[in-house]
Amino acid sequence: MKITSLVCLLFIALTFQVSAQKREYVSLIISDSLKENANAVIRLNQIDIAISSQRNMTVKEKRVVTVCNQNGLNAIHAIESYDKRKTVKSIEAVVYDAFGNEIKKIKRKDFKDESASGGGTLFSDGRYLTLDYTPSQYPFTIVYESEIETSNTAFIPSWFLITDFYVSVEKSILNVTFPADLGFRKKEFNFENFKISKEKETDTQLSYVVRNILAQKHEDYTPVSRIFPKVMMGLEHFNLEGVDGSAKNWNEYGKWFSENILKGTDILNEDTKSKIKTLVGAESDPIKKAKIVYKFVQEKSRYVSVQVGIGGFKPMPANDVDRLGYGDCKALSNYTRALLEVVGVPSYYTELYGDSNIRDIEADFFSIQGNHAILCIPNGPENIFLECTSQTDPFGFQANFTDDRDVVVMKPDGGHIIHTKKYQDKDNSQISKGSYSIDANGDFFGKVEIVSRGTQYHQKQGIEKLSAIEKDAHYKNYWSVINNLKIETIDLVNNKDSVQFTENVAFSSSNYTSVIGGKMMMVLNAYNQYSGSVKRIRNRKHPFEIPRGYIDVDEIEVHLPPGFSVDFLPNGFELNTKFGEYKTEIIIKDVSKLIYKRSLFLKKGLYSNKEYEDYRLFMEQISRNDNAKIILTKN
């Protein structure tokens with residue numbers, strides 16, 4: 001057990017004994033099971049949501065957290081946002097030392113007050129209050145309390161029982177009160193493995209209590225959204241941005257949103273209309289027209305980061321974005337929609353949860369669930385989705401942030417749940433073709449062309465924006481298995497029309513291998529070794545997920561040093577499993593030249609905890625064979 005954990009155990013045993021009367025809502029004794037693996041222990045997390053009317057909601061939170069070490073600081077979660085429709089009525093925190101003595105009281109004026117748009121003035125009414133406290137010692141306990149009031153009753157915060165790994169929960173409470181005529185609804189997720197008590201459920205009240213949730217150890221590739229419990233809530237009759245609304249499902253919500261929130265936000269001045277019409281010219285194909293408009297938006301505007309629900313749900317008027325040249329995801333998506341409308345291309349505002357971890361909008365449960373906005377353009381049986389916040393993404397490219405998930409598209413006839421583009425495993429490709437030669441001293445001279453598509457394009461496209469020094473460092477890290485690497489030339493081509501990124505790199509290395517006793521031994525796969533490892537996890541508890549698959553194909557021509565002959569050559573190797581396929585092949589062309597071929601295909605999928613060890617062994621075999629060595633003997 002770590003020393004920090006031992007200190008925390010001693011602290012928890014002593015904490016609150018000095019002034020227990022002040023914190024009577026916190027138990028003085030914590031079971032050993034809650035202390036185990038915990039960077040922090042949430043002693044109490046109580047959320048009281050009071051919906052008094054369609055236009056008023058109050059949320060009170062009381063959170064008592066014992067932080068055992070630096071890794072537990074995030075469990076405090078002392079942050080509140082506010083804007084013109086959301087007020088922070090009170091916020092404070094009190095910090096106690098290891099002996100229960102109060103060491104700091106943090107009032108509202110001591111919280112850091114920051115713009116939600118990262119210091120910009122565009123969304124000055126959207127701001128955050130965050131706790132600005134740097135601990136001088138561990139462990140410590142913090143008691144955090146806040147109260148917010150809002151008219152946006154369309155957005156009821158979800159109840160998350162567990163927020164992170166290595167955090168245990170002694171007690172968590174959710175109390176919700178609401179008028180019977182507002183149509184309150186809720187949906188529970190992942191309750192089956194937790195003892196969650198529903199204390200009350202009536203026409204006007206809902207209450208949950210859970211005790212003693214043990215700290216969860218982090219297990220690689222765990223799909224958190226499938227294992228952590230939560231409760232999602234919503235109203236049939238709500239208020240959003242000062243407008244009363246009513247919706248039982250996504251279809252009704254989309255129609256209301258289009259008529260009440262989006263209406264009037266797409267007005268553009270005549271000069272801008274004339275400019276975009278001139279740019280499009282005589283083009284009649286709607287997709288080609290959309291590409292012209294998308295390029296115009298990318299060149300004209302920049303993105304200011306403000307999430308959906310912070311700084312308002314209503315997009316800023318298109319005319320303001322046009323004048324200022326920047327906006328958040330809502331504003332830029334709506335601005336692009338307005339420009340497309342001018343040239344006769346239909347498009348639809350779209351809400352979703354944007355993240356590298358794939359997360360769907362719940363199709364069977366209407367509530368405000370998204371954190372991001374994009375634009376949908378109908379295109380026959382398929383739809384094209386535009387990421388309007390990016391100044392560099394190709395037209396319609398979605399990989400790794402908005403791909404492969406259910407989203408809600410706001411059409412005039414209502415909201416539609418549509419799935420975004422899924423990048424198939426074999427479309428996420430990296431194709432490498434190159435050569436290298438080894439001289440009699442063991443020095444290396446090589447060149448390679450790497451063509452990346454799909455999600456692998458996403459991982460590569462940022463290289464072209466790096467400085468020369470940064471590019472040099474990138475490739476030295478990428479080929480870290482090659483000692484003393486010297487980059488000779490770099491030529492990059494970013495073809496956004498075909499969404500293909502091509503790298504042509506030439507490099508050399510002194511002493512890639514050495515001659516010992518007349519023999520030379522070297523790794524044959526110099527360009528694309530899998531050098532990672534999958535962590536061994538005994539008695540794994542959770543399922544694991546490969547969220548996106550891919551394929552790598554390599555063909556490398558190897559020129560052997562003159563005066564040497566092959567003494568040992570690795571055999572070709574092949575693996576076929578449910579997780580993917582791997583194959584190597586070595587073809588001898590003549591005494592001085594051979595061809596090394598390698599392919600690795602990894603499949604997207606959700607797998608059980610019992611299959612994890614098989615996956616680990618699969619990747620271990622790949623790593624071992626990628627490191628296979630050839631032995632040469634001097635003639």
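**Cavities and cysteines**

Modeller: α5 (286-300) and β17 (302-303) each supply at least two residues of the lining of the second largest cavity, where helices (H or I, at least four residues) and strands (E, at least two) are DSSP runs numbered from the N terminus. The model is predicted, so local features need pLDDT of at least 70 and side-chain atom pairs pLDDT 80 or more, while totals for chains, interfaces and linings use all residues. Residues are numbered from 1 along each chain as its sequence is written, and side-chain values use heavy atoms, with hydrogens and water left out.

Colleague: Which element gives the largest share of the lining of the second largest cavity?

Modeller: A cavity here is a set of points on a 1 Å grid over the protein atoms alone where a 1.4 Å probe fits but cannot get out, and lining residues have an atom within 4 Å of a point. Around the second largest cavity these include Tyr294, Val297 and Gln298. The largest share, three residues, comes from α5.

Colleague: What is the volume of the largest cavity?

Modeller: Grid points are joined across faces, edges and corners, and a volume is the space filled by probe spheres set on the points. Asp403, Lys422 and Arg548 are among the residues lining the largest cavity. Its volume is about 50 Å³.

Notes:
1 Å grid on protein atoms, 1.4 Å probe; cavity = no way out; pocket = protein on both sides within 12 Å on 5 of 7 lines; lining within 4 Å.
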